[in-house]
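Visitor: I am new to this kind of picture. Could you show me how to read it, one feature at a time?

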Amino acid sequence: MTRLEEQIRIWREQEQLPAVRETQVQRTVERARQAFYEGERAQPCTYLSFVLLQAQFMRKSWWAAQFAVLMVLWFGLYTMQDADFLRRGSGVLISAFVILMVPELWKNVRTQSTEVESASYFTLRQVYAARLTVFAMVDILLLSLFLAVTSMTVSLTLWDVLIQFAIPFQVTCCICLRVLCSRMCSEYFAVALSLFWSAGWMWIVMHERIYAMISKPIWIALLMGSAMYLAYAVRRVLQSANQSWEGNLIWN
């Protein structure tokens with residue numbers, strides 16, 4: 001026993017601490033809660049400010065990695081313009097573009113910081129919505145630059161962009177977001193499923209006979225179906241943000 005612990009033991013024996021009633025503790029907690037809310041209402045935070053605040057806590061290296069993936073993809077498209085099947089296969093890199101979002105989206109689960117976030121003024125649903133908004137804004141900017149440069153340097157039709165890039169992008173997003181709001185909330189499982197999907201997509205586009213058998217209505221149905229399911233997956237993430245696996249709510 002250290003000297004400090006010995007002093008604490010002696011102090012406990014000498015002092016007679018007053019009894020604390022549970023009702024008084026609950027009343028104090030309630031007053032602290034009200035004081036916290038009143039202080040936050042006195043300094044309102046707009047949604048834009050909250051989104052920008054969330055962006056400050058996100059690692060920018062993942063966006064740099066996404067930009068590097070798009071540069072590699074553009075270089076592959078530019079140098080393989082005469083090889084259609086190789087150019088189709090390069091669309092698999094779009095899955096890697098999405099996978100790079102996984103570590104940041106799973107950061108609070110991996111670091112076990114959900115209880116801390118649950119105790120904040122903003123709900124977990126608002127936190128996830130802000131993070132998804134930031135990722136959407138940055139990714140739209142990166143993809144817009146990529147498509148603008150590609151359209152000026154590579155001969156690609158709108159149909160090629162939708163089939164070769166939009167479909168694998170949307171399906172990979174669906175996989176990652178659906179795993180995030182499931183009971184098997186594991187970033188490794190999400191990456192594994194995404195890689196499995198990428199391998200399947202590569203197998204389809206690299207086999208000319210199978211690729212040619214898929215008619216245009218099937219491609220359109222797959223494109224629209226993945227877009228609708230992506231919207232559903234985003235909605236599920238926001239709905240499940242306040243469930244028990246994200247921690248017990250205190251202030252929310």
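Predicted model: local features only at pLDDT ≥ 70, side-chain atom pairs only at ≥ 80, totals over all residues.

Visitor: Which residue forms an aromatic pair with F135?

Guide: Its partner is W63. The ring centres are 6.2 Å apart, and the planes stand at 85° to each other. That pair is edge-to-face. W63 counts as buried too, because its relative accessibility is 14%.

Visitor: Where in the chain do W63 and F135 lie?

Guide: W63 lies in helix α4, residues 61-79. F135 lies in helix α10, residues 124-153.

Visitor: How many aromatic pairs does the structure hold?

Guide: It holds 8. Another of them joins Y211 and W219. Here the centres are 5.5 Å apart and the planes are 50° apart, a tilted pair. Y211 is buried, at 16% relative accessible area. W219 is buried as well, at 5% relative accessibility.

Visitor: Which aromatic cluster includes Y211 and W219?

Guide: Y211 and W219 form one cluster together with W197 and W201. W197 and W201 also take part in a helix contact, on the α12 side.

Visitor: How do I read that helix contact?

Guide: Begin with the two axes. Helix α11 covers residues 158-180, and helix α12 covers residues 187-206. They pack at an angle of about 155°, with axes 9 Å apart. Angles over 145 degrees count as roughly antiparallel. So α11 is roughly antiparallel to α12.

Visitor: Is the crossing of α11 and α12 left-handed or right-handed?

Guide: Right-handed.

Visitor: Which residues make the contact between α11 and α12?

Guide: From α11 come I163, Q164, I167, P168, V171, T172, I175, C176 and V179. From α12 come F189, A190, L193, S194, W197 and W201. Sorted by class, the contact of α11 with α12 has 12 nonpolar residues, 3 polar ones and no charged ones.

Visitor: Can we follow one more residue?

Guide: Take I94, in helix α6, residues 93-99. I94 counts as buried, with a relative accessibility of 3%. Leave aside its neighbours within four places in sequence, and I94 is in contact with L70, L73, F165, P168 and F169. P168 also belongs to the α11 side of the contact with α12.

Visitor: How many residues apart in sequence are I94 and V69?

Guide: They are 25 residues apart in sequence. In space, their C-alpha atoms are 7.9 Å apart.

Visitor: Now step back. How many helices and strands are there in the protein?

Guide: There are 14 helices and 0 strands.

Visitor: What share of the residues is buried?

Guide: Of the 252 residues in the protein, 37% are buried.

Note on methods:
Residues numbered from 1 in each chain as written. Heavy atoms only, no water. Axes fitted to C-alpha atoms, helices over the stretch in contact; angles between N-to-C directions. Helix = DSSP H or I, 4+ residues; strand = E, 2+ residues; numbered from the N terminus. Parallel < 35°, antiparallel > 145°, perpendicular 65-115°, else oblique. Left-handed = near helix turned anticlockwise from the far one by under 90°. Contact = heavy atoms within 4.5 Å. Nonpolar A, V, L, I, M, F, W, Y, C, P; charged D, E, K, R; others polar. Phe/Tyr/Trp six-rings, centres within 6.5 Å; stacked < 30°, edge-to-face > 60°. Buried < 20%, exposed > 50% of the residue type's maximum accessible area, 1.4 Å probe, protein only.
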